[in-house]
Amino acid sequence: MKRIFIISSLIFISIAAFSQAKKPTLMVIPSDSYCDRNGFTQYYTDEAGNRHVISDYTKAFSQAESEELRLVISELSKIMAERGFPLKDLEQTLKSIKQTNIERDLLTSSSGSVIKESPIDVIKRTAKADIILDLDFSVKTRGPQKYITFNLRGVDAYSNKVIASASGDGKPSTSATVGILLEEAVINYIDDFNAALQKHFNDMFTNGREIVVILNVWDNADFDFDTEYEYMGETGMLVDIIDVWMDDNCVNSRFSRISNTENMIHYEQVRIPLYKTSFGKERAIDARGFIADLSSFLRKAPFYIDSKIYDRGLGEVWLILGEK
């Protein structure tokens, strides 16, 4: 009991501190294995003619077999909320996106114009969360009794790294509901799981959020990353000057240049701060907010380079140099 109290107190203190920043959102998503076993999938063919299968979360919540999934997610949400980790609801988020799509299609201006939207805008209107709780479970029978086996993984949606995991079996029962079966299965593991989540949050506070940054050049640009500029009294290639900017602006100068050519630079493990001062006030930032400062830096002398920012998912941002 004392251990649970201490963990809960630490979680409460850290969550309270996080509430001053851009608080990470957590969402339970049924695992690909669960969706595949239960037929909650759809197929698509890419431009190269390759056929792919992906999880269909809308189908997962719209069929009669979805009742178990709904009960399990509801119970897990209650358990996490009681420990200071409120969850974003996937089913409600999907409904909200669907309703938004309907309203967007119906909305017109007084002259009959519709809302301007590119194919990329459509793709970006999807359910997002900072931390994905990837849940796989099965309800099994042993004679007249039922029990649950589960596998829960916490995945940082920015870096795709698994930051916490728990798995096990619940106690068999002849009368317990699926929700109670799940509670009995996870209750002995959930505090260690949440402690691992909290350790990750604390690391973000100390060392920043981890993202990927990729820089490219438009094919009509009259420069590349090997072009030399005079900067701070020295002559250097653009790639080296951008390295200096990254060193000055990453938390504890932590970043890794994975590869580069004259037309591309690929950074990983880029640690960005959780805050920056903007318009006279300290504000929470994300990957786009971080790279916007590099875009501003390159727009000034001696570079005078315009650029376009493209945030590809939560944890990856592209900066394409040459024009907007």
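Colleague: What makes Glu 82 exposed in this predicted model?
Modeller: Its relative accessible area is 55%. The label "exposed" needs over 50%, so Glu 82 gets it.

Colleague: And how do you know that Glu 82 and Arg 83 meet in a salt bridge?
Modeller: Look at the distance from N to O: 3.8 Å. The cut-off is within 4 Å, so the pair counts as a salt bridge.

Colleague: Is Arg 83 buried or exposed?
Modeller: Buried, because its relative accessibility is 15% and buried means under 20%.

Colleague: Okay, what about Lys 95 and Glu 91, why is that pair called a salt bridge?
Modeller: Here N to O is 3.9 Å, and that is still within 4 Å. Both residues sit in helix H5 (residues 90-106), four residues apart, or about one turn of the helix.

Colleague: Why does Lys 95 count as partly exposed?
Modeller: It comes out at 47%. Glu 91, at 13%, counts as buried, since that is under 20%.

Colleague: What makes Arg 271 and Asp 203 a salt bridge?
Modeller: Their closest N and O atoms are 3.0 Å apart, again within 4 Å. Arg 271 is in strand S12 (residues 264-272) and Asp 203 in helix H8 (residues 190-207), so this pair ties together parts 68 residues apart in sequence.

Terms used: Residues numbered from 1 in each chain as written. Predicted model: local features only at pLDDT ≥ 70, side-chain atom pairs only at ≥ 80, totals over all residues. Heavy atoms only, no water. Salt bridge = Lys/Arg side-chain N within 4 Å of Asp/Glu carboxyl O. Buried < 20%, exposed > 50% of the residue type's maximum accessible area, 1.4 Å probe, protein only. Helix = DSSP H or I, 4+ residues; strand = E, 2+ residues; numbered from the N terminus.
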